[in-house]
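Take a look at the protein below.

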Amino acid sequence: MSDRGILSSLRYLFADFIGEDDDTPPFLPEGLPAPVMAVASDAIHFLIDYQGTSYAELYVHRLRRFVGKQGVDDAMLTDIARLMAVRMAYEDPIRIAQLKLAELNQTSGNPARPAVDVRKFRLEELIGALPAVISEYVLDALDWAGWSNKRVAIRFSTASRFGIRRLKIEAGLRRWRLFSMRYAKERVLVERWLHMIDRSLTKQPQAAPAIVHTATMIEGYGDVYRQGLADWNAIIDGLVKPTFDGVLALPDLGSAVTEARAAAMPDPRQAALKRKIAEIRARASVGSNAA
């Protein structure tokens with residue numbers, strides 16, 4: 001992640017925390033093509049609901065980097081605009097509480113069937129949503145005890161006043177989200193994804209769409225999230241970055257990424273994916289030697 005990206009994220013973080021948000025949605029980037037405007041506008045309002053105006057401003061700042069950039073057509077910019085909003089609105093317990101309250105509001109506070117939703121998180125996910133000054137010490141203790149990956153069932157309920165009050169408390173932690181360890185990690189991940197798109201536009205423009213769509217690999221929470229993130233890192237570290245660094249000769253990186261993604265299975269060992277990446281690398285090595 002670049003120093004500029006870190007400074008931008010910190011600026012928007014502190015603006016949100018000290019209450020500088022004025023609830024006025026940020027303007028769309030200048031020069032944004034008309035076909036992308038609706039997607040970007042929806043994303044801005046979505047992220048304001050998720051975190052706040054300053055967070056939506058960070059989204060606009062990131063999107064602006066690709067407006068008018070060589071090799072980025074309307075379709076690719078639309079995908080970047082849409083997928084970046086999804087990646088920035090990662091699913092944590094705070095977000096689930098927000099969504100449950102939104103469902104309640106849609107029924108005027110009197111749902112026909114009060115919902116009790118039980119979700120299973122890893123303990124490290126729950127602790128990671130707290131401010132880093134607290135979570136760092138707790139996670140160290142959990143690692144020492146071997147409990148970081150322990151699964152915990154959390155109830156999100158609108159079936160009682162107590163459940164609704166608890167949801168409001170959990171959703172209220174939104175203000176602290178940007179100071180959490182989880183946010184710091186997600187910030188780096190989003191910036192790395194954008195950086196790989198940038199590098200592809202320079203090194204292999206035809207592979208850029210495939211790299212843009214790797215964002216869909218990382219979603220959800222718990223084991224699904226952990227698996228998707230591990231698979232994404234395996235493909236980026238095993239194929240994409242080595243190609244851009246000139247270490248691996250893959251003239252059709254986009255097809256290689258698509259082939260590797262097809263081999264990804266819900267397997268914590270990543271056996272099939274690792275075999276496929278090794279196979280692709282071996283083919284590239286043979287082709288390079290033959291040339």
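## The cavity

This is a predicted model. It holds one cavity of 30 Å³ or more. About 40 Å³ of space lies in the largest cavity. Which residues line the largest cavity? They are Arg87, Leu189, Trp193, Ala215, Ile218 and Trp232.

How can such a space be found? Rolling a probe the size of a water molecule over the atoms shows where empty space is left.

## A buried lysine

Lysine 100 sits in helix H5, which covers residues 93-106. Is lysine 100 buried or exposed? Its relative accessibility is 7%, so lysine 100 counts as buried. The cut-off for buried is under 20%.

Lysine 100 also has contacts beyond its neighbours in sequence. Leaving out residues up to four places away, lysine 100 touches Ala115, Asp117, Phe156, Thr158 and Leu167.

## A nonpolar patch

Now turn to the surface. Val133, Ile134 and Val138 make a nonpolar patch of about 260 Å² there.

Valine 133 belongs to helix H7, residues 132-145. Valine 133 counts as exposed because its relative accessibility is 66%. The cut-off for exposed is over 50%.

How many salt bridges does a search of the whole structure find? The search finds 25. One of them pairs the side chains of glutamate 259 and lysine 276, at 3.3 Å from N to O. This pair links distant parts of the chain. Glutamate 259 is in helix H13 (residues 253-263), and lysine 276 is in helix H14 (residues 271-290). The two residues are 17 residues apart. Glutamate 259 is partly exposed, with a relative accessible area of 26%. Lysine 276 is buried, at 18%.

Lysine 276 has another partner. Its side chain meets that of glutamate 279 in a salt bridge of 3.4 Å, N to O. Glutamate 279 and lysine 276 are three residues apart in helix H14, so about one helical turn separates them. At 36% relative accessibility, glutamate 279 is partly exposed.

## Onward from glutamate 279

Glutamate 279 also forms a salt bridge with arginine 283, at 2.9 Å from N to O. Both lie in helix H14, four residues apart, or about one turn of the helix. Arginine 283 is partly exposed, with a relative accessibility of 42%.

Technical notes: Residues numbered from 1 in each chain as written. Predicted model: local features only at pLDDT ≥ 70, side-chain atom pairs only at ≥ 80, totals over all residues. Heavy atoms only, no water. Buried < 20%, exposed > 50% of the residue type's maximum accessible area, 1.4 Å probe, protein only. Contact = heavy atoms within 4.5 Å. Patch = residues over 30% accessible without salt bridge, like charges linked within 9 Å, V, L, I, M, F, W, Y side chains within 5 Å. Areas by Shrake-Rupley, 256 points an atom, 1.4 Å probe, with all protein chains shown as cover. Salt bridge = Lys/Arg side-chain N within 4 Å of Asp/Glu carboxyl O. 1 Å grid on protein atoms, 1.4 Å probe; cavity = no way out; pocket = protein on both sides within 12 Å on 5 of 7 lines; lining within 4 Å. Points joined across faces, edges and corners; volume = space filled by probe spheres on them.
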